[in-house]
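Subject: The structure we talked about

Hi,

Here is the structure I promised you, with the sequence alongside. Have a look at it first, and my notes follow below.

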Amino acid sequence: MGFQKIVVPEGGEKITVNADNTLNVPNNPIIPYIEGDGIGVDVTPAMMIAIDAAVQKAYSGERKIEWMEVYAGEKATQVYDPDTWLPEETLEAVKDYVVSIKGPLTTPVGGGIRSLNVALRQKLDLYTCLRPVRWFEGVPSPVKKPADVDMVIFRENSEDIYAGIEWKAGTAEADKVIKFLREEMGVTNIRFPENCGIGVKPVSVEGTKRLVRQALQYAVDNDRESVTLVHKGNIMKFTEGSFKDWGYELAKEEFGAELLDGGPWMQFKNPKSGKTIVVKDVIADAMLQQILLRPAEYDVIATLNLNGDYLSDALAAEVGGIGIAPGANLADAVAMFEATHGTAPKYAGQDKVNPGSLILSAEMMLRHMGWVEAADLVLQGMEKAISKGEVTYDFHRLMDDAKLLKCSEFGQAVADNM
Ligand SMILES: NC(=O)C1=CN([C@@H]2O[C@H](COP(=O)(O)OP(=O)(O)OC[C@H]3O[C@@H](n4cnc5c(N)ncnc54)[C@H](OP(=O)(O)O)[C@@H]3O)[C@@H](O)[C@H]2O)C=CC1
Ligand SMILES: O=C(O)CCC(=O)C(=O)O
Ligand SMILES: [Mg+2]
């Protein structure tokens with residue numbers, strides 16, 4: 001494939017996909033990466049230090065990642081032209097090379113471009129946002145028993161109010177939608193119809209079931225105890241409420257789940273381990289309390305886009321903050337790994353922030369590629385560096401007697417502690 005600006009590394013090879021969506025990973029895979037805006041310039045190189053060291057150590061030079069820079073966000077406007085935020089060839093490369101990783105991208109509030117992060121997920125139909133949240137020994141936490149926090153969030157990534165279907169107050173479009181709702185749909189409860197922004201929240205049976213299927217399958221494959229459907233279905237009955245109903249329906253249809261004590265909770269036997277998996281649901285606001293007071297009772301979580309966004313940062317705070325919260329955006333074949341945090345503009349370019357989030361996202365990427373030995377080394381390096389008190393500012397400010405490291409130094413400390 002000929003690219004305009006992307007330089008394909010010589011000597012690397014493409015990851016390919018089999019009919020059953022398993023991967024063929026060569027020893028020298030080309031991995032596209034988006035550096036990211038803001039602190040992207042800090043965390044992305046630090047991530048590469050740690051990951052290259054883990055791969056080198058695990059496979060003694062037999063395997064190596066060939067990093068290929070692709071562009072999005074502010075850097076794309078410099079490399080291409082001032083109006084190009086998400087070049088078509090970036091989307092092509094991410095699709096074609098199957099597995100990629102990205103730093104954070106800026107989204108202006110209120111106006112300007114819509115989220116490039118959300119656009120990438122939608123354009124590539126990366127419908128699952130997978131965010132595991134667990135505690136590492138030694139990490140400072142505001143809760144008494146952070147080791148009880150061990151949850152895996154499956155956040156629906158393609159629907160909900162994140163679809164971006166909304167119109168600004170006072171525009172002809174907003175007025176047209178409001179007129180339609182009032183005159184043709186019998187809507188009487190738009191409180192101030194004259195000057196009102198309006199948004200649409202699409203939630204479908206297909207979108208829900210493909211997400212819940214992934215969550216239940218993950219629970220089976222990883223021998224987890226429960227899957228909790230998190231929703232605000234008491235208020236938004238036909239979107240969030242239906243998400244819950246369709247989730248239970250899928251558990252019954254595809255996993256053989258049956259009502260537990262008369263329902264609505266369900267349960268089924270894990271066909272791999274024989275253990276029981278409980279499928280339950282919790283209303284979203286109550287869930288934000290539950291994760292603080294009774295975290296041990298929750299395991300795999302399946303939820304809608306906005307709930308998942310809120311839950312990700314709240315849960316991350318319990319185990320050290322978004323500085324070490326990793327994630328992945330997954331389609332059936334294409335996977336794009338990505339930190340939970342944003343561009344933290346006040347720290348951009350200072351070599352200060354915690355690269356742990358992107359390093360752990362890359363750890364998930366290595367595991368996804370089947371390079372488990374290297375992934376295990378990354379975890380080991382991270383755990384040891386933190387337990388020795390070698391940490392960046394975010395942990396340092398909460399720890400006694402820790403050694404303050406720069407972002408790049410933490411990447412190196414992970415490498416040195418493998
Ligand atoms: N997926 C993505 O690319 C995402 C992009 N964004 C975008 O990022 C921009 C900034 O968003 P904002 O709401 O400020 O959220 P950010 O996640 O960028 O930052 C919020 C705070 O979190 C802490 N933090 C974030 N990253 C790190 C890190 N690596 N190490 C240590 N601490 C960290 C800092 O806390 P403290 O001040 O306490 O030190 C920071 O001020 C916006 O444009 C937003 O749209 C937001 C989320 C995800
Ligand atoms: O796209 C953005 O700017 C924010 C996205 C976000 O907060 C997230 O994915 O967690
Ligand atoms: Mg978020």
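Let me start with ligand 2: the residues around it are Thr-107, Ser-115, Asn-117, Val-118, Asp-309, Ser-312, Thr-340 and Gly-342. Here, a residue is near a molecule if its C-beta atom, placed from the backbone, lies within 6 Å of it. Helix H4 (116-123) and helix H9 (305-318) are the elements that give two or more residues to this shell. Helices (H or I, at least four residues) and strands (E, at least two) are DSSP runs, numbered from the N terminus. By class, the shell around ligand 2 has one nonpolar, six polar and one charged residues. For these classes, Ala, Val, Leu, Ile, Met, Phe, Trp, Tyr, Cys and Pro count as nonpolar, Asp, Glu, Lys and Arg as charged, and the others, Gly among them, as polar.

A word on what you are looking at: this is a predicted model, in which local features need pLDDT of at least 70 and side-chain atom pairs count only at pLDDT 80 or more, while totals for chains, interfaces and linings use all residues. Residues are numbered from 1 along each chain as its sequence is written, and chains are lettered from A and ligands numbered from 1 in the order in which they are written.

Now to ligand 1, which is surrounded by 19 residues, the closest being Pro-104, Thr-107, Gly-323, His-341 and Gly-342. That shell divides into seven nonpolar, 10 polar and two charged residues.

His-341 also turns up in the UniProt record. The unreviewed entry places the feature "binding site" at several residues, including Thr-106, His-341, Lys-346 and Arg-397. The annotated residues span 292 residues in sequence and their farthest two C-alpha atoms are 26.1 Å apart, so they do not all gather at one spot. UniProt positions are in the numbering used here, feature names are shortened, and annotations may be inferred rather than shown by experiment.

Which of these sit inside, buried or exposed? His-341 lies in the loop between strand E16 (335-338) and helix H10 (356-368), and it is buried because 26 other C-beta atoms lie within 10 Å. Lys-346 lies in the loop between E16 and H10 as well, but it counts as exposed, with 10 C-beta neighbours inside 10 Å. The cut-offs are 20 or more other C-beta atoms within 10 Å for buried, 12 or fewer for exposed, and partly exposed in between, with C-beta atoms placed from the backbone.The largest nonpolar core has 110 residues, and Ala-50, Ile-301 and Val-378 have the most contacts inside it. Its largest share, 10 residues, comes from helix H1 (residues 40-59). A nonpolar core is a set of buried Ala, Val, Leu, Ile, Met, Phe, Trp, Tyr and Cys residues joined through C-beta atoms within 7 Å. This core draws at least three residues from each of domain 1 (1-127 + 325-417) and domain 2 (141-159 + 203-319), with domain bounds coming from an automatic or database domain assignment. Val-378 touches Ala-50, Ile-51, Ala-54, Ile-359, Glu-363, Leu-366 and Val-414, not counting residues up to four places away in sequence; contact means C-beta atoms, placed from the backbone, within 7 Å.

Finally, Leu-229 is in strand E10 (residues 226-231) and counts as buried, with 27 C-beta neighbours inside 10 Å.

Best wishes

Terms used. Contact = placed C-beta atoms within 7 Å.
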